[in-house]
Amino acid sequence: MNVLTMDTENRVVLNVGGIRHETYKATLKKIPATRLSRLTEALANYDPILNEYFFDRHPGVFAQVLNYYRTGKLHYPTDVCGPLFEEELEFWGLDSNQVEPCCWMTYTQHRDTQETLTVLDRLDLDTEKPSDEELARKFGFEEAYYDGTLTWWQKLKPKMWSLFDEPYSSNAAKIIGVISVFFICVSIVSFCLKTHPDMRVPVIEGRTSRRGNETSTTYDKIETNAHDAFFYIECMCNAWFTIEFICRITASPNRWAFLRTTVNLIDMVATLSFYIDLALQKFAAHLGNADILEFFSIIRILRLFKLTRHSSGLKILMQTFRASAKELTLLIFFLVLGIVVFASLVYYAERIQSNPENDFKSIPLGLWWALVTMTTVGYGDMVPKTYPGMFVGALCALAGVLTIALPVPVIVSNFAMYYGHTQARAKLPKKRRRVLPVEQPRVRVPGVPGVGGQTQGTTLCSQQVALLPPGGGLGGAVQSGPLNRRMNAIKTNHPKDPFAIKTDEDRRNSNLRTNGTKASGGLG
């Protein structure tokens, strides 16, 4: 009988989220400096009636926590979200890095998801109009917005920014976006068409020669220039780009961050290249190499990247390549390695046999052949003609297929991940219900036995108050029998008791809500 009593005293009952767990006290001492290793009856969540500790926490996670105390191995429950699991471990005072290797990949998936969501937040893929409060917070006018002291420029600046930089914020912004895309397309098409021979005007120079009394004139085509219509088209397009850029940088919340963006930097350089080209045509047309400077106008083609502001798919594609930089670098490294190896092999393989039509005169020429072969393009301008060279060419083609195919699934997986999260975010409600972090209020009931005649009472949780019989006091309920519900108690005059001192005036004004009915402070 004594052994049974000792075994019962060594047990502890833990009620977590309504599910009771029972274990030995020695089990909870296995991991020191944790919440469960410091359990005492003086804690507020100890119930002296039921002789158990109550924790309003997730019961499913606690099952794995208790199993960690028993076996020393922490496993991750697959039916629980990762951040919730981390919060529970933090509450119990455990280290999340102690998760077993078999569950580590499943457990860390939420971290990759959180990183992906952070990246999508930076990409600004929201297609709904931001509220006035969000705009004021973005531009740093939050205090003036709440005080109602916004100036006319503080009211105009967010509207101008939304009009030119957020195409989905309003109908006017959509129209501005369509106009911007139209001028981008017209500018690119004009830049390409003006190089076509049929779209260029020849410059003809006449030469007069005299032979005796006869004079003859010959006309030669010296060069060709683009049609004048392309110049006027470029002027219209760049006028729009200039106005758009000035408006955007003027209304930008942060001009330095605005200029550091790659797309905005390309837009600024492309617009400046047009005016530089005009200045060169006017002041440096007499220079013999002035046409070489026109090569820099090719940067205007990069205006195509401005379309990323109007397409979430292009933003995701650019982010996919950015996230797959390691895989792409690895691909380039193996390609360079294979190109050098197979160029050297095919150079010496073609020299083993007599080959008067050898195309591989040097290893640098073989580099071009190896690049074309490994990328499976195969122009056919250089081909091996000996059997050893053909064997090397077959190995080069197979190695190229395998090398290029390895990082492709990673890139596709990254794109599918970003695109899937984007579609899920688009379907989520923008306004969600807020859960206020309200603590459970505690009330004090005077007249509880065991207080020693003092004014202190027993602290009760508002959701765990003992049932009182009609017309009876709390003291009668305690004397008549055990309470029907759990009563969370703090030891009298315990240092952790925040309600140890209570004045008579506060006690008279306080009401105790029991089972949906109000009772006055004179229940004792």
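**Exercise 1. State which residues the UniProt annotation "transmembrane region" covers, and describe the chain over residues 175-193 and 360-379.**

Step 1. According to the unreviewed UniProt entry, "transmembrane region" applies to residues 175-193, 328-348, 360-379 and 391-419; UniProt positions follow the numbering used here, feature names are shortened, and annotations may be inferred rather than shown by experiment. Residues are numbered from 1 along each chain as its sequence is written. The model is predicted: local features need pLDDT of at least 70, side-chain atom pairs count only at pLDDT 80 or more, and totals for chains, interfaces and linings use all residues.

Step 2. Residues 175-193 are 100% helix and 0% strand, with end C-alpha atoms 27 Å apart. Helices (H or I, at least four residues) and strands (E, at least two) are DSSP runs, numbered from the N terminus.

Step 3. Residues 360-379 are 60% helix and 0% strand, and their end C-alpha atoms lie 15 Å apart.

**Exercise 2. Identify the buried residues of helix α7, their arrangement and what covers them.**

Step 1. In α7 (residues 132-139), the buried residues are L135, A136 and F139. Buried means under 20% relative accessible area, exposed over 50%, partly exposed in between (1.4 Å probe, protein chains only).

Step 2. Viewed down the axis of α7, the buried residues fall within an arc of 100°, so they line one face of the helix. The arc is that of the directions from the helix axis to the C-beta atoms.

Step 3. Their cover includes α8 (142-147) and α9 (152-165), where contact means heavy atoms within 4.5 Å.

Step 4. G140 follows α7 and has a positive phi, near 80°.

Note on methods:
Heavy atoms only, no water.
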